[in-house]
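Visitor: I am new here and would like to learn how the labels are decided. Could you show me the model and take me through it?

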Amino acid sequence: MTTSAFEPVLAHMRRLIRRPRVRDGLFLGAMTVLGLLVWAAEGVPPALERVPMSAVLLLGQTLPLHWRRSHPWTVLTVVTCAHVLHEVATMPFAGYSEGMFAVVAGYFVARYGGSRTFAAVPVVALAVVGPPLLLDRLGPAPDVLTVVMVVGVSVGVWMLGESHRRVHAHAGRLAEIAARLRAEQDRSARRAVAAERAGIARDLHDLVAHHISAISMQAKAGAEALPDDPGLHAIGVQADRALEEMRRLVGLLSASADSADGGASPSLRHLDRLVATAEAAGCEVRLGSGGTPGDISAAVQVTAYRIVQEALTNVLKHAGPTTVDIDVRQEPRTLTLSVTNGPPAARHSSLPGSGLGLIGMRERAALFAGTLEAGPTVAGGWRVEAVLTWEES
C-alpha cells in the first residue's frame, strides 16, 4: 500500500486525538501502564496476599489524575496519600521511582491550581522521601543528596507547570485582544463606508441640485408663458420640493455639507490642484490624459477626482517624496484611472495604514459599476487602477 492510502486513517486518528475525552483516556492509560512497569520492576510486594492491595493503591495514584484540571489540589492529596500507603504496603522500601505520580500531580497543581501553588513543592517532596525517612523499617533513611535531588525535581516540575499556566493565560488574553481588534476593524470599516457614502452624497449634491434647479426654472418660465397649462406649474412645484428634500437628506448624512475643495465641484479639470499638492510635498508627478474631460459627465468626474486624490494621499503617507505617474484614459462609456508610484523614498518612515482608503475608493468605483485594483509593482512601488463605466444618455 502507498503512503497516500494511510492518509485517511491518519487524518481520522488526528481528529480523534483532538477530542478531550480521547486525550484524557490516552493520558490515564499511559500513566497506568507506566505505573505497572515501575511496580513490576520495583514495587511488587514479596507476599502475594499484598498484591491486590498494592494494585488498588497503584490505581489510586493514577485514576485521580482524570480530575487534574478541575480539582488539582484534591488530586494531589489523594495521590500522595495513596503513594504513602502503597510504600507502607510494599515493605521493604524499594526505591523512589513510584513517587513520580505525586510529582505529576504537583505539576498539575502548578498548571491549574491558581495562586500559591508553590505549596505543592513540600507536599510532593515529603510524599516521596517521607516514608523511608519517618519509618526506619521501610529501609535506610535517604541521604542528603537524595533529598536535594527530590526537592530539586519537585521545584523544577512546579516551575514548568507555573510557566505553562502563565503562557496559556497570556495566550488567552492575546486571543481576546485579537478578537476585540477584529471587531473594532469591522466597525471601523463600516464607519468608513458610511463616511465615504456621505462624502459621495455631498459631492453629487451640487450636480443633482443644478439639474433640478434648471428643471424648476424652465417649468416656471413655461408656466408664465402658458398660464393655461397647469402641468408646468406642478412640475416647478415638485422640482422645488425635490430639491428641498434632497438638501435635507444630505444634511442627515453629514452635519457639514461644505465641499472639501472650498465649495467648488471637483472634476478632472482640477487634477492640477492634486498635482501641485503632491509636488509641494516633494513628489515628481507626471500627468497623462487620454480623453477630454468635457465628454464625461460631472458625476463621473467627481468620482474620478476623489479616487486620484485618495491614491495620492496614500502615496505621500506610505512612500513619501517619490515619482508618481497619473494616467487618465477615456473610452466609450469607460474611464480608466491609474496612479503608480515608485519605490519609497530613502529614510521615509511609512505611516501605518488602516485600509479604509481602499474601502472608500472601492465604494466610489462601485457607484458607477466599476472596479478597483491595488497592489505592488515589480519596481517596488504601488499601483492603483480604477475603471468606471456608465451608460450613454
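Guide: Let us begin with a definition: buried means under 20% relative accessible area, exposed means over 50%, and partly exposed lies in between, with a 1.4 Å probe and protein chains only. Please keep in mind that this is a predicted model, where local features need pLDDT of at least 70, side-chain atom pairs count only at pLDDT 80 or more, and totals for chains, interfaces and linings use all residues. Residues are numbered from 1 along each chain as its sequence is written, and side-chain values use heavy atoms, with hydrogens and water left out.

Visitor: What makes Glu162 and Arg166 a salt bridge?

Guide: The term asks for a side-chain nitrogen of Lys or Arg within 4 Å of a carboxyl oxygen of Asp or Glu. The closest N and O atoms of Glu162 and Arg166 are 3.3 Å apart, so the pair qualifies. Both residues sit in helix α7 (residues 144-225), 4 residues apart, about one turn of the helix. Helices (H or I, at least four residues) and strands (E, at least two) are DSSP runs, numbered from the N terminus. An α-helix has 3.6 residues a turn, so residues three or four places apart point the same way. Glu162 is buried at 10% relative accessibility, and Arg166 is partly exposed at 48%.

Visitor: Which parts of the chain does the salt bridge between Asp325 and Arg286 link?

Guide: For Asp325 and Arg286, the closest N and O atoms are 2.6 Å apart. This pair links distant parts of the chain: Asp325 is in strand β2 and Arg286 in strand β1 (residues 284-290), 39 residues apart. Asp325 has a relative accessible area of 31%, so Asp325 is partly exposed. In total, the structure holds 8 salt bridges, and a network of them links Asp327, Arg329, Arg383 and Glu385.

Visitor: What makes a set of residues a nonpolar core?

Guide: The members are buried Ala, Val, Leu, Ile, Met, Phe, Trp, Tyr and Cys residues joined through side-chain atoms within 4.5 Å. The largest nonpolar core here has 31 residues, and Ile307 and Leu388 are among those with the most contacts inside it. Helix α10 gives the largest share of this core, 8 residues.
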